[in-house]
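Here is a short report for someone meeting this structure for the first time. Keep the sequence and the 3D view open while reading.

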Amino acid sequence: MRVLIAPDSFTGTLSAVQAAEAIAAGWRDTAPDDELILAPLSDGGPGFTDVLHACLGGELIALTVHGPRGEQVPASLLRVGEVAYLESAQAAGLHLIPPIGVTPGSPAPSGWES
């Protein structure tokens with residue numbers, strides 16, 4: 001049997017690539033002769049460049065960008081030949097927005113990590 005495994009990420013737990021690999025590992029335990037096709041997906045948010053990297057190859061380049069509060073946050077650029085891919089969620093994603101009750105631009109409260 002040919003099986004397509006095409007998950008998006010499981011927010012806060014697994015990237016789309018990790019989810020596809022975990023599902024495939026479980027499937028192989030019960031049906032080792034099946035042909036598995038892994039096709040991790042992304043809706044363009046967190047994990048977008050990781051999914052493209054898994055599908056297209058290329059070179060991931062680590063860099064630092066400014067987040068929504070002006071702080072420096074880690075990001076990556078994927079270069080495939082002459083084309084570069086950026087994931088805007090790395091610089092402006094929901095995980096970087098202050099919790100309710102925190103004024104943007106004010107120092108982050110103790111214990112809050114961006």
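Start with one bridge. His66 has Gln72 in β4 as its bridge partner. β3 and β4 pair in the antiparallel sense, over eight bridges. Two strands count as paired if DSSP finds at least two bridges between them. The two strands form a hairpin, with five residues between them. Gly70 sits in that turn and has a positive phi of about 85°.

Arg79 and Glu59 form it, with their closest N and O atoms 2.9 Å apart. Arg79 lies in strand β4 (residues 72-80) and Glu59 in strand β3 (residues 59-66), so the pair ties together parts that are 20 residues apart in sequence. A salt bridge here is a side-chain nitrogen of Lys or Arg within 4 Å of a carboxyl oxygen of Asp or Glu. Arg79 is partly exposed, with a relative accessible area of 40%. Glu59 is partly exposed too, with a relative accessible area of 40%. The cut-offs are these: buried is under 20% relative accessible area, exposed is over 50%, and partly exposed is in between (1.4 Å probe, protein chains only).

## How to read the model

This is a predicted model, in which local features need pLDDT of at least 70 and side-chain atom pairs count only at pLDDT 80 or more, while totals for chains, interfaces and linings use all residues. Residues are numbered from 1 along each chain as its sequence is written, and side-chain values use heavy atoms, with hydrogens and water left out.

## The chain as a whole

The secondary structure comes to three helices and five strands. From the N terminus on, the elements run β-α-β-α-β-β-β-α. Helices (H or I, at least four residues) and strands (E, at least two) are DSSP runs, numbered from the N terminus.

The chain has 114 residues, and 28% of them count as buried. The chain exposes about 7400 Å². Carbon and sulfur atoms supply 58% of that area. Accessible areas come from the Shrake-Rupley method with a 1.4 Å probe; for residues, only the protein chains shown count as cover. Among contacts between residues at least 6 apart in sequence, 44% join residues at least 24 apart. Contact means heavy atoms within 4.5 Å.

## Strands β1 and β2

β1 and β2 pair in the parallel sense, over four bridges. The chain crosses from β1 through α1 to β2, and this β-α-β crossover is right-handed. That is, with the strands pointing away from the viewer, the path from the first strand over the helix to the second runs clockwise.

Which residue in β2 is the bridge partner of Arg2? The partner is Glu35. Glu35 also forms a salt bridge with Arg2, the closest N and O atoms being 3.5 Å apart. This pair links distant parts of the chain: Glu35 is in strand β2 (residues 35-38) and Arg2 in strand β1 (residues 2-5), 33 residues apart. Glu35 is partly exposed at 44% relative accessibility, whereas Arg2 is exposed at 61%. A search of the whole structure finds two salt bridges.

## The start of the chain

Met1 lies in the segment before β1. Is Met1 buried or exposed? Met1 is exposed, with a relative accessible area of 67%. Not counting residues up to four places away in sequence, Met1 touches Trp27, Asp34 and Glu35. The C-alpha atoms of Met1 and Asp33 are separated by 7.8 Å, although the two residues are 32 residues apart along the chain.

## A nonpolar surface patch

Phe10, Leu14 and Ile23 form a nonpolar patch on the surface. Together they have about 240 Å² of accessible area. Patches are made of residues with over 30% relative accessible area and no salt bridge; like charges are joined within 9 Å, nonpolar side chains (Val, Leu, Ile, Met, Phe, Trp, Tyr) within 5 Å.

Ile23 is found in helix α1 (residues 16-30). Ile23 is partly exposed, at a relative accessible area of 35%. Leu14 lies in the loop between β1 and α1. Leu14 counts as partly exposed, at 33% relative accessibility. Leaving aside neighbours within four places in sequence, Leu14 is in contact with Ser9 and Ala19.

## A buried glutamine

Gln90 has its place in helix α3 (residues 89-92). Gln90 is buried, with a relative accessible area of 15%. Beyond its neighbours within four places in sequence, Gln90 is in contact with residues including Thr49, Val73, Pro74 and Leu96.
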